[in-house]
Amino acid sequence: MGLTMTQKILALHAPGQDVQAGSLVECRIDLALANDITAPLAIQEFGKLGVEHVFDRTKIALVPDHFTPNKDIASAQQAKTVREFAQKEGIQWYFEVGRMGIEHALLPEAGLVKPGDLIIGADSHTCTYGALGAFSTGVGSTDMGCAMATGSVWLRVPEAIRFVLTGKPGPYVSGKDVILHIIGMIGVDGARYTSMEFTGDGLQYLSMADRFTMANMAVEGGAKNGIFPVDDAAQAYAKEHAGDIGTILEPDADAVYRETIEIDLSQVPLTVAYPHLPENAHSIQEAMAEDIAIDQVVVGSCTNGRIEDLRVAASILRGRKVHPRVRMIVIPATQKIYKQAMQEGLTEVFIDAGAVFSTPTCGPCLGGYMGVLAAGERCVATTNRNFLGRMGHKDSQVYLAGPAVAAASAVAGRIASPQSILQEV
Amino acid sequence: MLMGGKVHIYGDHIDTDIIIAARYLVTFDEKELARHCMEDLDAGFAQRVQAGDVMVAGRNFGCGSSREHAPIALKGAGISCVIAKSFARIFYRNALNIGLPMLECPEAVDRIQPGDEIQVDLARGVIYNRTRGETYTTVPYPEFMQKLIAAGGLVPYTRAKLQEAGHA
């Protein structure tokens, strides 16, 4: 029986073990990641194991990004715990404030992810790296603590669902619209425990930024990981950032998939996910017909805080103003993206439009700080979750969208398509 | 291993932000987290729940974030076991890793009513409904997982394994 791409990567990291779907395998890991919320508990659990040091100080990444720059005393204490552990253990990939970024944008950018790698992270959106043809998945702090000691993790080999992408997406339709559309089709548990394997001719129209966004949200369909083939675009990215194209693995021709779903990208509309689940997908036409007034817009996060996202948002805001009733918060995902936005003049566009332009942080996405919502407020966000109370008060609402719809909505003061804004000139 | 108590019943897709909101993730103290468990959905839960109680829910329980604070909050609140139609994978793993058992049993979820008292026999994979006199069966955990839960989670279990291998 043939193997899927995910099974091939697991086999590479679990020599001699059976990697049929459903098997339990013990895998060697190439990188283990944690942040300022999950690392402190992982460090405590690591300390209970009785080992002297981490298994390999070059294979652990610690990124304080959720509540940093420290939002209060308690989060400062947590960040301090992570910093001191990193110093004591000589962790090579500790990223301090001022040099950091949102973990899932940062690690690929810093060249820590290569095709064929096996990466676990104490953050559910660790699945982002599947865009580069790596196997990556989220775990909890205890798993992270044990992995720091042993350099290995046990995993259940997932079944796979194959998504065959064809056609060319319409104007402004991005990876975010595609993945929201897919989650709308399959539901938030439609891919539970499985690997979402993306393939098809339509991939040529999806940039690496689009693919990172899609792999990032695989977990919102319940998946263990999302993964893309290592085509020219992925190889070019890996070469540029990691200096190495890693190990390129392809699924066998007779690989077994639980299901194959075809998506014609030309038919995917600009998509908005209504509160309180990412599966509540609606087309922009439906959303505009409901005339949904908003109070806040957030462009950023591990899902959509890349330079490509900021360029799209700025192209819509250029020469326009954020609606008087709306607060717009733009957060580049890394320091490098921040600087690039400045050099390209995007920062000026956002500030002239009346938006906030912030240092990298996960802050508002999870209702931490930098954009917490009050009761009754509505936000359009390029983030990944719109759960009850996710961005603040339990009576606030989050609508998920791509950067084009987010920027257009900021100008309109209600959920709007970019086309409706551009026509107004 | 027997456990049980009164049930607390919820619906599908109970996410980790509901179980413990991110604004409380500035600590991993189980008693502190327990005070805010389920707060946005059911503000009275933390007051009502008693040691040994069982949470019952629909599909995809624990979806969302990888925060281990979610099962810690439930355990800290006194929940001894969660019975659901299905679980999100990271949450399921985290719960077992801290020694909080999760049972997948759609029949039990469909039958159990508010106010029922439940007892769970983990070794046999059997759920007893004391109020209705009903029994629901589920697949028992393999022996290693029963040991892991009895040991209190993955860390004490791994520590013992490391010592066996002479690494510590």
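Rings of Phe, Tyr and Trp, the last taken by its six-membered ring, count as a pair if their centres lie within 6.5 Å. Planes over 60 degrees apart make such a pair edge-to-face. In this predicted model, 12 aromatic pairs are found over all chains. One of them joins A:Phe212 and A:Tyr237. A:Phe212 belongs to helix H7 of chain A, whereas A:Tyr237 belongs to helix H8 (residues 232-242) of chain A. The pair therefore ties together parts that are 25 residues apart in sequence.

Chain A is split into two domains. Domain 1 spans residues 5-264 and domain 2 spans residues 270-422. Their C-alpha centres are 24 Å apart. Domain 1 of chain A brings 39 residues to the contact, and domain 2 of chain A brings 42. About 3100 Å² is buried between the two domains. Carbon and sulfur atoms account for 62% of that area.

Polar links also cross this domain interface. The count is 20 residue pairs in polar contact, both residues being at pLDDT 80 or more. Three helices of chain A, H4 (103-109), H6 (175-186) and H7 (208-216), each supply at least two residues of the side of domain 1 that touches domain 2. H6(A) gives the largest share of that side, with 6 residues. By class, the domain 1 side holds 17 nonpolar, 15 polar and 7 charged residues. Across the interface of domain 1 and domain 2 of chain A, 1 salt bridge is found. A:Arg385 also forms a salt bridge with A:Glu220. The closest N and O atoms of A:Arg385 and A:Glu220 are 3.1 Å apart.

The contact between the chains was examined next. Chain B contributes 40 residues and chain A contributes 49. The area buried between chain B and chain A is about 3700 Å². Of this area, 58% comes from carbon and sulfur atoms. The interface of chain B and chain A has 3 salt bridges. A:Asp143 forms a salt bridge with B:Arg93, with the closest N and O atoms 2.5 Å apart. Polar contact links 17 residue pairs between chain B and chain A, both residues being at pLDDT 80 or more.

Four helices of chain B each supply at least two residues of the side that touches chain A: H1 (16-19), H4 (69-77), H5 (89-97) and H8 (154-165). The largest share of this side, 6 residues, comes from H5(B). By class, the chain B side has 18 nonpolar, 11 polar and 11 charged residues.

Backbone geometry in chain A was also examined. A:Thr68 and A:Pro69 are joined by a cis peptide bond, with omega about -15°. A:Pro69 sits in the loop between strand E3 (60-63) and helix H3 (73-89) of chain A. A cis peptide bond also joins A:Pro275 and A:His276, where omega is about -5°. A:His276 lies in the loop between strand E12 (271-273) and strand E13 (281-283) of chain A. A:Asp291 is a residue other than glycine with a positive phi, near 50°. The loop that holds A:Asp291 runs between helix H9 (284-289) and strand E14 (296-299) of chain A.

Terms used. Residues numbered from 1 in each chain as written. Chains lettered and ligands numbered in written order. Predicted model: local features only at pLDDT ≥ 70, side-chain atom pairs only at ≥ 80, totals over all residues. Heavy atoms only, no water. Domains from an automatic or database assignment. Contact = heavy atoms within 4.5 Å. Buried area = accessible area lost by both parts, 1.4 Å probe. Salt bridge = Lys/Arg side-chain N within 4 Å of Asp/Glu carboxyl O. Polar contact = N/O pair within 3.5 Å; in protein donor to acceptor, adjacent residues only side chain to side chain. Nonpolar A, V, L, I, M, F, W, Y, C, P; charged D, E, K, R; others polar. Phe/Tyr/Trp six-rings, centres within 6.5 Å; stacked < 30°, edge-to-face > 60°.
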